[in-house]
Amino acid sequence: MKKKRTLQKLVILFSSIALIILPVSAMFNAEGLPFTPTATGTINGEVQVFGTYGLKNPPITLSFSLPRDPAYAVIYYGVWGGTERYTGWSMITVNNNPPRRTQLFGQDDMNQNVLESGNGVYFISEEATSLLHAGENVITATDSRGEAGSKIDGRIYGIWAVVAMENDGSATTQYFLFEGNENLHGEGWAGKNPTRKNSCSIDIPALSLGPSARANLTVLTLCGTKGQPDYVTFNGNDLGAPAQPANEYPPGARDIANEQTGDANGGTGISSRYVDMETFDVTSLIKSNNVVGFERGRDSNNDGKIATTGAAPE
């Protein structure tokens, strides 16, 4: 009898690391909302992520095909409010199901499915296991941009669907899903006080990988800016390749959220304004206890500040 191979896709992680933040409960917090585990599971099958990438005017549409019905699925979309003082609404329609509308209350927001931070960046979730199905799926997102009485900017960062599917005879996949909206920022970018927030981290549950297992980390970031270095670490190790072109960055710098999805490990990726999704193989870095870290930059010249402008931003 053939031994079943064990495959572990360690973490699917969603974050907004450049201008955004979250609190522990679902409400607005200019300084950010920490990551919390929202789903975990083990299936004989795979976890797939589908998405659109890049800030655009609504409506926007995500279309994809599934080979089987989901065992678990969740949909995310991000809306740019323009400021935390503006209010409005957003809405998604999934296949032929009734639309799901969410009121966006700005700094007074307390929706359980909304994570809002910084200057009004909304990260909205919808559980979707029963809404998606085998075959073609279509998700449309829109909002109150341009509507009388609504002041929100309303451009949408993208739509993302995370889908876990069983498949008899497939390897075992263990997945963990974390949601958060951390606002890593320099002085003047959050609230009325000159605060700064340079880093944040997430503790991952203890793992034990078999000899043939693999572990992947998938990260979604919003509001990153090309040319301003930022880092994702796993157990203290920098992930991704050094940023290019090298003469525009400090030696060895990374720029994971560079508005180019799929290029962190090399290659060109695709242009994705203010949005980045990257996947890293972290198999060799797994320990009994694991930590994912985010840094908005590093003080490479030891002057006590992280410069975001000039010839070589840090």
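Colleague: What share of the contacts with a separation of 6 or more joins residues 24 or more positions apart?

Modeller: The model is predicted. In it, residues 24 or more positions apart account for 76% of the contacts in the protein with a separation of 6 or more. The secondary structure comes to zero helices and 19 strands, and buried residues make up 52% of the 314 residues.

Colleague: Why is Tyr76 called buried?

Modeller: The cut-off for buried is under 20% relative accessible area. Tyr76 has 1% relative accessibility, so Tyr76 counts as buried. Phe123, at 3% relative accessibility, therefore counts as buried as well.

Colleague: What makes the rings of Tyr76 and Phe123 a stacked pair?

Modeller: Ring centres must lie within 6.5 Å, and the planes must be under 30 degrees apart. The centres of these two rings are 5.2 Å apart and their planes stand at 5 degrees, so the pair is stacked. Tyr76 belongs to strand E4 and Phe123 to strand E8, 47 residues apart, and the pair thus links distant parts of the chain. Together with Trp160, Tyr76 and Phe123 form one aromatic cluster.

Colleague: How many aromatic pairs does the structure hold?

Modeller: The structure holds five aromatic pairs. One of them is formed by Tyr72 and Tyr175, with 6.3 Å from centre to centre and 20 degrees between the planes. Tyr72 lies in strand E4 and Tyr175 in strand E11 (residues 172-182), 103 residues apart. Both Tyr72 and Tyr175 are buried.

Colleague: Which residues does Ile159 touch?

Modeller: Leaving aside residues up to four places away in sequence, Ile159 touches residues including Phe50, Ile60, Leu62, Ile75, Tyr77 and Ile139.

Colleague: How do you know that strand E14 is paired with strand E19?

Modeller: At least two bridges are needed for two strands to pair. Four bridges join E14 to E19 (residues 290-295), and the two strands run antiparallel. In E19, Phe294 is the bridge partner of Val232. Two bridges join E14 to strand E15 (residues 237-238), again in antiparallel fashion, and Asn237 of E15 is the bridge partner of Phe234. E14 and E15 form a hairpin with two residues between them. In the turn, Asn235 has a positive phi of about 50 degrees.

Colleague: Which residues show that both faces of E14 are covered?

Modeller: Tyr231 and Thr233 on one side, and Val232 and Phe234 on the other, are all buried.

Colleague: What makes you say that Arg298 lies over the face of Tyr231?

Modeller: The distance limit is 6 Å from the ring centre, and the charge must also be within 35 degrees of the ring normal. Arg298 lies over the face of Tyr231, at 3.8 Å from the ring centre. Arg101 likewise lies over the face of Trp89, at 4.2 Å from the ring centre.

Definitions and conventions. Residues are numbered from 1 along each chain as its sequence is written. This is a predicted model: local features need pLDDT of at least 70, side-chain atom pairs count only at pLDDT 80 or more; totals for chains, interfaces and linings use all residues. Side-chain values use heavy atoms; hydrogens and water are left out. Contact means heavy atoms within 4.5 Å. Buried means under 20% relative accessible area, exposed over 50%, partly exposed in between (1.4 Å probe, protein chains only). Rings of Phe, Tyr and Trp (its six-membered ring) pair if their centres lie within 6.5 Å; planes under 30 degrees apart count as stacked, over 60 as edge-to-face and the rest as tilted.
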